[in-house]
Amino acid sequence: MADPMEEIRASFFIECEELLEAMQDGLQMLEDGAADGETINVVFRAVHSIKGGAGAFGLDALVAFAHTFETALDGVRSGRIDVDGDRLKLFFRCGDLLADHVRATRDGETLETAAHEQVVEALEALGGDLEEEEIGDFQPMAMSLDLPGLGSDGDLPDLGSLGGLPDLDFGMDFGEGGATASGAWLIRFAPKDELYSTGNEPLYLLRALADLGEVEVTADTDRVPDLDALDPAAACISWTILLTADTDEATIREVFDFVDGLCELSIKTAADDAQSNADALGEADLPLLDLPVAEVEPEHDAPAAPTPEPEPVAVPESVAVPVAVALAPPSTATRPALTAAPSAASDRKPTAPHATVRVDLERIDRLVNLVGELVINQAMLSQSVREAGVPQTSPASSRLDEFLQLTRDIQECVMMIRAQPVKSLFQRMGRIVREAAAAVGKDVRLHTDGEATEIDKTVVELLAEPLMHMIRNAVDHGLEKTEARIAAGKSPEGLVTLSAGHRSGRVVIEIGDDGAGINRARVLKKAIEKKLIPADAQLTESEIDNLLFMPGFSTAAEVTSISGRGVGMDVVRTAIVSLGGRISITSREGAGTTFSISLPLTLAVLDGMVVRVEEETLVIPLAAIVETLTLNSTDVRTLGPETQVVRVRDAFLPLLDLGTELGYRTPRGDYSGAIVLLITQEDNSRTALVVDAIEDQRQVVIKGLHDSYGHVPGVAAATILGDGQIALILDPIDLIANASGRSRISTRAELALAG
Amino acid sequence: MALRDQLRIMVVDDMSTSRGLITQALDSMGIRNVVTAADGPSALKTLEKSPVHLVISDFNMPGMNGLQLLHALRSGAKTARVGFLLITGRADREIIDTGRKLGMNNFVKKPFEAAGLRSAIEAIVGRL
């Protein structure tokens, strides 16, 4: 088993993340003016707790920094320090640095200290260093009849009764407990070697006891020798079980029927046991503490309440005793695995805790996959029932409808397990805004909205990078310089808004600024300069805005330290599209620009168009298709032996026969009458994809092929359709990229042959 | 049977790390009969049903701090006589004086070593 301290240390860093989030929340509420009296306490407590934990692990640098921060916060809490905008900014900065500190400590990295020193100085100037008063005169109060200082105190009337209590007996009469059948039983169970050699498993016995009532199991591992000396066939562990159940001794003995003679067994009521222990203990050993009954309270049916955390079942270091390992996996022994974590979701109250369970992501994915199977199975069943001609009004049909509804509900619930609020993502953006604003010397405030909106975990993770880039852009390019804002009659403080919400089955994330808006004349000029569009192009406003997404486009007149890193909006767009998303811009001159990202709720299902090519059924993601049309003879032009283009309104688009690309057939000579899908790529270029028929438009469950086949060019995944048929989900962008690649190679090959 | 085998302790701390650390320290002293609670109210609820000899509580907790918990314990008929050990990051006079008035048996300042916790416990219940 891992070192228990190591485990606690690991859980400390996880807890730190929760505390840092609570701290961020609190600071944000202070900034938004949404704070109440408790908010500053929450912030203080978060920092204090981080300091406390760090102290326990001897992380002195972290303690020192947290202490300085805590002192300043304490000043605010006690009213010594007023919070104004500048100080709040300092606190935000401290919060960021504290997060850095925590993560660097966790990962064993060293931290840049220059920034820290500056902040520490500012903090110290603010909060000073509270000299702690040493308390030397506290007299520990031993537990005895006469508790000094109590009872005589007039202003604590409700404690007055304390002095009158006779003894430290918790008001219990254990004699009564022994008389009743219901209550607590103390079972000592020590297997002999024979118990194991005859194939018995103590775990099953312990479980059988647990079936009788509540059990508290303690393993006695004192007899477990060092690994070297361990005899694997020997029984070294015994158990003490405190059973709380309304049962009798005979029933308990029944559990051990099969191992009769193979173990030492003693069954007593806990009250009897405690009595005999207390007797055996004698007074000499226990001068101050009279312990008649430790675990029983007979007045109640259920004493020894279940504890919120796993009982400290001692686990031997050795793994050679399989039963002990099976009984107590490492996590139950020392680590408080299931704890109430600070709220990460919906409400804005950072104090509200709600219970969470940490679950291995793999398990969830397995569940998601199984539910996917269920959805497919359900669709197949529906189809069979329809084909069998069962009337709509029959009970079978209506049951099937209920089944359909249930399946959808289950699917939704399971997707929700993978869903995460965007809050943590938004909090990270807060820091990006602060740092970007400081770097370009602008005064910027971030306003976030809809943080509780949930989206697939993977999407949240993959969204961080593009979002960060857009936020930097908004601060750097979107917002005007302070002087320009003042001249325009705006507040000197720029506003960047980040919002999330659900819209028609998708999640929409918007990044907006209240800057000057897109300078379309400049964008147009730049695009022409860079030969991205012809000089005489007539573009609508929205078309001009969309030029920002073209590869190689960058409008920043001056390259600043934060953007101009060679990453343009085209990269952002590629990232969004790869998540099944879409991005669009709206901009108003003088009022600002908003980027709107629309994302699917999950990566497990997909809106697809089911098409047919040469008897093969294929699925094409709907997001990639802009238009479908039927060609007539004048639409297709031939440019070469194997190259054809399609005229769509005023543009010529390359024509690609899906059947040929997938190797199902040789190119047709004449494509008039063919059905084409117009596929759009990141750079807005379009391609016409020929299919034989469009069958359906529906949601399909994505079945990854990557694990079995690796990357197959042009194929994204597979799905199972309602009739049980397997269909490939194509990646049209990849398909098109590969197609053009092949044609180039073949051209070169032809040239080589000709040469 | 030594005292440590009989002693039943409740650890109250909002931070699971701290609960783990204290439980671990108690374990190293041979005290295995330990229950934990993440906040004052749930501690009180558990203690109603299942008493302990000693409560080891953090001071700084949301909702109900350690001394408020102590007050509630001393006010409850079933819990009034329980031993109370406060763990606090800041041992300032106000906290300690209030603790004294409320009947705090002892306190430990953070960060603490297992040995310090042990002697603080022993000062209350006697040799473990």
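## A parallel sheet in chain B

In this predicted model, strand E1 (residues 9-12) of chain B runs parallel to E2(B), and four bridges join the two; strands here are DSSP runs of at least two residues, helices are DSSP runs (H or I) of at least four, and both are numbered from the N terminus. Along this pairing, Ile9(B) stands opposite Val34(B), while the bridge partner of Met10(B) in E2(B) is Val35(B). Within E2(B), Val34(B) and Thr36(B) point one way and Val35(B) and Ala37(B) the other, and all are buried, where buried means under 20% relative accessible area, with exposed over 50% and partly exposed in between, for a 1.4 Å probe and protein chains only.

The open sheet to which these strands belong has five strands in the order E2-E1-E3-E4-E5 (chain B), with parallel pairing; two strands pair if DSSP finds at least two bridges between them. Strand E2 (34-37) and strand E5 (106-109) of chain B each have a single partner strand, so one side of each is left without a neighbour in the sheet.

## Two crossing helices in chain A

Helix H4 (residues 85-107) and helix H15 (residues 423-440) of chain A have axes that come within 11 Å and cross at roughly 115 degrees; axes are lines fitted to C-alpha atoms, for helices over the stretch in contact, and angles run from 0 to 180 degrees between N-to-C directions. Phe92(A), Arg93(A), Asp96(A) and Asp100(A) in H4(A) meet Arg431(A), Arg434(A) and Glu435(A) in H15(A), contact being heavy atoms within 4.5 Å.

## Nonpolar cores

A nonpolar core is a set of buried Ala, Val, Leu, Ile, Met, Phe, Trp, Tyr and Cys residues joined through side-chain atoms within 4.5 Å. The largest one has 48 residues, and those with the most contacts inside it include Leu467(A), Leu498(A) and Ile509(A). Helix H16 (residues 457-478) of chain A gives the largest share of this core, ten residues. Apart from this core lies another, of 40 residues, among them Ile8(A), Ala54(A), Phe91(A) and Leu97(A).

Leaving aside neighbours within four places in sequence, Leu498(A) is in contact with residues including Phe426(A), Met429(A), Leu467(A) and Ile509(A).

## How the model is described

Residues are numbered from 1 along each chain as its sequence is written, and chains are lettered from A and ligands numbered from 1 in the order in which they are written. Local features need pLDDT of at least 70 and side-chain atom pairs count only at pLDDT 80 or more, whereas totals for chains, interfaces and linings use all residues, and side-chain values use heavy atoms, with hydrogens and water left out.
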